[in-house]
Amino acid sequence: MIGLLVARDAGYFGVPVRQLLNSQADIEVLGTIPFDADLVDKAATLSPRVIVIDTEYMVSQVLPVAAELRAKAPSCAVLMLCDPSKRGMLPPRRRARDLSFLLKDASETLLADSVRRLAAGERIVHPRLQTASLNTDRELSTRELEVLGLAAEGDSVADIADRLYLSGGTVRNYLSTVISKTGARNRLDAIRIVRKNGWLH
């Protein structure tokens, strides 16, 4: 039996993952929890084999959480449901070993098959998402967006460095680069600009 946990934004209804998978004899939906600061600890106590993240957050904001999940529960696979029409929901070209990607409108059959493949140790990136990612022209790197996303959540430079296993100087360099690339006045202005452009939720 494959234990599966769903994480989603509070108040966001999104994809009915539980309803889609309830009829699968080999998949047990352990529950649905909020995509928030307590996600990693809650998930660790339930010990799922697969976590499906159905959120309106951008990939750059989910990556640190996925890395923490994998660090705390290394046998757990993490699948993010993505909308290819949203620029910030495309898989990064590099550095996404902790995360698999599937379309938000995936069928029951495809979703169930993907969960089984993840439980068997595979990593999944839906071809449509992969193609959209390769065709997009992004100014900011995934790592830059990742750092800025944590800053947007209120994390300090020290907090970001700790979560991403970077030095404080490297984090500051990333933030300076983002400010420069976006033409922002400061970090808060950069966050506003990037959100307006659809790269952060």
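Visitor: Is aspartate 189 buried or exposed?
Guide: Aspartate 189 has 5% relative accessibility, so it counts as buried. Buried is under 20% relative accessible area, exposed is over 50%, and partly exposed is in between, with a 1.4 Å probe and protein chains only. Keep in mind that this is a predicted model, where local features need pLDDT of at least 70, side-chain atom pairs count only at pLDDT 80 or more, and totals for chains, interfaces and linings use all residues. Residues are numbered from 1 along each chain as its sequence is written, and side-chain values use heavy atoms, leaving out hydrogens and water.

Visitor: Okay, which side chain does aspartate 189 meet in a salt bridge?
Guide: That of arginine 192, at 2.8 Å, N to O. A salt bridge here is a side-chain nitrogen of Lys or Arg within 4 Å of a carboxyl oxygen of Asp or Glu.

Visitor: Why would residues three or four places apart point the same way?
Guide: Because an α-helix has 3.6 residues a turn.

Visitor: Nice. What does the buried part of H9 pack against?
Guide: Helix H6 (142–152) and helix H8 (168–182). Contact means heavy atoms within 4.5 Å. The buried residues of H9, which spans residues 187–196, include Ile191, Ile193 and Val194.

Visitor: What about the residues at the ends of H9? Which one caps the N-terminal end?
Guide: Asparagine 186 does, with a side-chain oxygen 3.2 Å from the backbone nitrogen of leucine 188. Just after H9, glycine 198 has a positive phi of about 85°.

Visitor: Switching topic: how many salt bridges are there in the whole structure?
Guide: The search finds 11. One of them joins the side chains of aspartate 54 and lysine 104 at 2.6 Å, N to O. Aspartate 54 is in strand E3 (residues 50–54), while lysine 104 is in the loop between strand E5 (100–103) and helix H4 (108–119), 50 residues apart.

Visitor: Are they buried or exposed?
Guide: Aspartate 54 and lysine 104 are both buried.

Visitor: And what does glutamate 68 meet?
Guide: Its side chain meets that of arginine 163 in a salt bridge of 2.6 Å, N to O. Glutamate 68 is in helix H3 (residues 59–72) and arginine 163 in helix H7 (residues 157–164), so the pair ties together parts 95 residues apart in sequence. Glutamate 68 is partly exposed at 26% relative accessibility, and arginine 163 is partly exposed at 23%.

Visitor: Which residues are linked with them in a network?
Guide: Glu153 and Asp155 are linked with Glu68 and Arg163 in a network of salt bridges.

Key: Helices (H or I, at least four residues) and strands (E, at least two) are DSSP runs, numbered from the N terminus. A polar contact is a pair of N or O atoms within 3.5 Å; within protein, one must be able to donate a hydrogen and the other to accept it, and residues adjacent in sequence count only if both atoms are side-chain atoms.
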